[in-house]
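Me: I would like to go through this model with the definitions at hand, asking of each label what stands behind it.

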Amino acid sequence: MKTQLSIQERLKDLRVEKGLTLEQLSQQTKIPASTLGSYESDDYKEIPHRNIIDLAKYYGVSTDYLLGMTENRQLGNISISDLHLSDAALSLLKDRKLNSLLLSELITHEQFRKLMLDLEIYVDGLADMQVKSLNFVVDTSRKVLMKRYNPDEYNLQLGTLNAQHLELNEYFSHVIDDDMHTIIKDIRNAHKGDIDSAPQKTLTDHWEEILEKAEAFAGTSKQKLAYIFSQFLKIKPTEKNIDDMADMLGQSEILEPDAKKRRKSARQKRTKD
């Protein structure tokens, strides 16, 4: 997962969140769809000042956010003292020792507040007395029932009746683990397919798929090989790209072991002539 969104990613995320196509956004902002598309592409050109302002107004975010100068869409700079963070915590955030995007998704998840409440209950010992009381009630009930229905075994098993208590640390480890697991699972699912996330397919599956597509690719053996190289190098397999790459592969002395001999023979023939 990335630590900071690019300008292109910010613009695309904002558009997708509103459920708009480039054409629909163009109608709303009066900026040509092709221009808007170029702003979201990897090789985007510099965005004119006027368009930055118009897009920021339309999306309801700051221009600083669109330009990547802040991670805050709407809020301006606030006093550090208002955050009530320790020097150590501020140092971690300031020095980018944490993935701030991941941290933001973590603390804004709907389950995070429950996680914090459960942590506070455990850390402050707010449930300790209740757990002890519960264990006492269970112990007492066991003794009463044991004495009532198994009086002969009561004295023999008296020492083991109190053994199975609700253990405070173990209980809260399960509660907090469940809270955190829900959050992490949702965040993980939200980032499946990201360019920097692990691929869903194995390397073998990936190459089998490429080879199958290459086999079905209409063209010469060199063009099929060029198609495989284009996939390996992540080059868009356009007709021109494939043809150019096939021409280059045709000059390879590795792929054509007799090519060097043929060229040498041709040079010798020209020399004799």
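Me: What share of the residues in the protein is buried, and what makes a residue count as buried?
Reply: Buried residues make up 22% of the 273 residues in the protein, where buried means under 20% relative accessible area, exposed over 50% and partly exposed in between, with a 1.4 Å probe and protein chains only. This is a predicted model, in which local features need pLDDT of at least 70 and side-chain atom pairs count only at pLDDT 80 or more, while totals for chains, interfaces and linings use all residues. Residues are numbered from 1 along each chain as its sequence is written, and side-chain values use heavy atoms, with hydrogens and water left out.

Me: Why are H13 and H14 called roughly perpendicular?
Reply: Helix H13 (residues 221–232) and helix H14 (residues 239–250) pack at an angle of about 110°, with their axes 8 Å apart. Angles of 65 to 115 degrees count as roughly perpendicular, under 35 as roughly parallel, over 145 as roughly antiparallel and the rest as oblique, and H13 and H14 are therefore roughly perpendicular to each other.

Me: Which residues of H13 and H14 make the contact?
Reply: Contact means heavy atoms within 4.5 Å, and among the residues that make it are Leu225 and Phe229 of H13 and Ile242 and Met245 of H14.

Me: How does H12 pass H13?
Reply: H12 (residues 203–216) and H13 pack at an angle of about 145°, with their axes 9 Å apart, and H12 passes H13 in a right-handed crossing. The residues in contact include Trp207 of H12 and Tyr227 of H13.

How values were computed
Axes fitted to C-alpha atoms, helices over the stretch in contact; angles between N-to-C directions. Helix = DSSP H or I, 4+ residues; strand = E, 2+ residues; numbered from the N terminus. Left-handed = near helix turned anticlockwise from the far one by under 90°.
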